[in-house]
Amino acid sequence: MVAGVALVPNWSAGAAVTDDPTVDAATKATFQKLADAVFTDRTQALVDDSSGKKDRHRHTSGFSGKVRLSGTQNRQESSALSQLRGRKSRLAQLGEKYSAGSTTVTLDATQVKGRNAKVAVTESTTLTYEKVRGNEPRTTGFQAHHELSFRADDHGTWQLTGIRDTDDGVAVNQVAAPAPAVAATGSDDNPPEAPRASTARNAPANKKNTTSGTYDYKAMVAYAQKYWNNYNPDYPDFNGQGAGGDCTNFVSQTLKAGGWKHVPGYTYDFHKWFGNADIQSDSFVGVNEFSWFALSSKRVTPLAYVYQADIGDVIQMDFNKDGSKDHTMVVTYRSPQGVPYVSYHSTNTYNRSVASLIASYPNAAYYAYRT
């Protein structure tokens with residue numbers, strides 16, 4: 001369990017914004033204040049309010065004469081909050097609620113050109129699960145990186161005109177589906193296709209022996225908890241402009257920590273699997289290539305239900321069901337009630353429930369692998 005883990009910024013994805021040292025501290029503070037309010041609003045829209053009070057819309061007040069949302073952005077944020085409240089309802093139907101949420105925003109870089117400004121920020125959010133039974137995780141959390149666009153009007157008041165997510169990740173308070181990660185080019189040697197896993201809760205028993213066998217699943221969990229937001233310097237970081245995302249690289253490292261052995265060879269051969277600081281096979285870092293290797297090597301077996309996944313197992317998502325998988329995650333906890341929790345890069349996230357994923361992306365295709 002990683003409750004109380006500090007969320008240490010690991011900003012790289014928004015590096016396109018070049019910091020301007022001439023921007024004064026007061027201007028930076030107003031940018032950060034509004035960003036903090038916007039993302040706090042999004043987080044609080046997911047929190048169960050037993051008092052019956054309506055969500056606080058902090059972004060719509062308190063910034064007159066300094067910084068505020070443009071009319072268009074204000075409508076977009078209202079729409080985002082509406083979507084998130086709908087997500088909260090779907091989560092409640094799946095038996096998951098959050099009793100509290102905490103969001104902080106760190107300003108990483110500010111660039112001002114005339115009346116236009118771009119600001120790169122790191123959002124760090126923790127949500128507290130309302131119902132905790134036994135040793136279930138008490139919190140889930142993530143880091144997300146955003147690029148905010150501002151424009152000053154004739155009176156010198158800055159307006160927030162746009163928000164762009166710069167991760168290749170899946171944050172619980174993210175309202176727009178992320179762009180698919182760019183997978184490495186694979187071999188045309190008839191790669192195996194994984195069957196989709198059902199998201200139904202009534203999964204038949206398919207128990208996993210997590211205490212003996214070929215792999216050390218506790219070591220996998222320990223690695224994931226250590227490096228979910230504090231990247232291991234022994235491997236490259238594939239976040240950032242054009243890098244395609246770090247999700248599969250992170251999962252491969254986790255499996256390697258639990259006993260998966262290298263299979264050396266050509267990087268583009270999906271029958272091979274290896275990765276270190278200097279070189280990585282396509283199957284080590286590519287979403288689809290990982291699936292091809294894992295299945296063809298018999299290191300995994302497909303699961304018929306997502307809810308059958310246990311610690312050390314792998315779950316993948318295809319957001320738009322186009323047949324190309326987009327995201328890879330590793331299971332780091334399974335509750336006594338049969339709910340798997342996953343951790344992943346690139347929106348650095350720990351112990352997010354599968355119920356939350358399904359509520360957030362009900363139209364995605366899911367794939368589950370027993371390791």
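**View 1. Helices H3 and H4 cross in a right-handed sense.** In this predicted model, helices are DSSP runs of H or I with at least four residues and strands are E runs of at least two, numbered from the N terminus. A crossing is called right-handed if the near helix is turned clockwise from the far one by less than a right angle, and left-handed if anticlockwise. H3 covers residues 217-227 and H4 covers residues 247-257; they pack at an angle of about 140 degrees, with axes 7 Å apart. Axes here are lines fitted to C-alpha atoms over the stretch in contact, and angles run from 0 to 180 degrees between N-to-C directions.

**View 2. A look at the residues where H3 meets H4.** From H3 come Ala219, Met220, Tyr223, Ala224 and Tyr227, and from H4 come Phe250, Gln253, Thr254, Leu255 and Ala257. Contact means heavy atoms within 4.5 Å. Eight of these contact residues are nonpolar, two are polar and none is charged. Ala, Val, Leu, Ile, Met, Phe, Trp, Tyr, Cys and Pro count as nonpolar, Asp, Glu, Lys and Arg as charged, and the others, Gly among them, as polar.

**View 3. H4 is largely enclosed by the rest of the structure, because nine of its 11 residues are buried.** Buried means under 20% relative accessible area, exposed over 50%, and partly exposed in between (1.4 Å probe, protein chains only). If you are tracing the helix, look for its buried residues, including Cys247, Asn249, Val251 and Ser252. Their cover includes H3, H5, H6, E7, E8 and strand E9 (340-344). Just after H4, Gly259 has a positive phi of about 120 degrees.

**View 4. Helix H6 (residues 287-296) has nine of its 10 residues buried, so the rest of the structure largely encloses it.** Among the buried residues are Phe290, Trp292 and Phe293, as well as Asn288 and Glu289. The buried residues of H6 pack against H4, helix H5 (282-285) and strands E6 (301-303), E7 (314-318), E8 (327-334) and E11 (365-370).

**View 5. The chain has a mean pLDDT of 85, and 86% of its residues score at least 70.** pLDDT is the predictor's confidence in each residue, from 0 to 100. Among the elements, E11 has the highest mean (98) and strand E1 (residues 67-69) the lowest (79). Please note that pLDDT is below 50 over residues 1-15 and stays under 50 over residues 51-65.

**Notes.** Residues are numbered from 1 along each chain as its sequence is written. For this predicted model, local features need pLDDT of at least 70, side-chain atom pairs count only at pLDDT 80 or more, and totals for chains, interfaces and linings use all residues, while side-chain values use heavy atoms, leaving out hydrogens and water.
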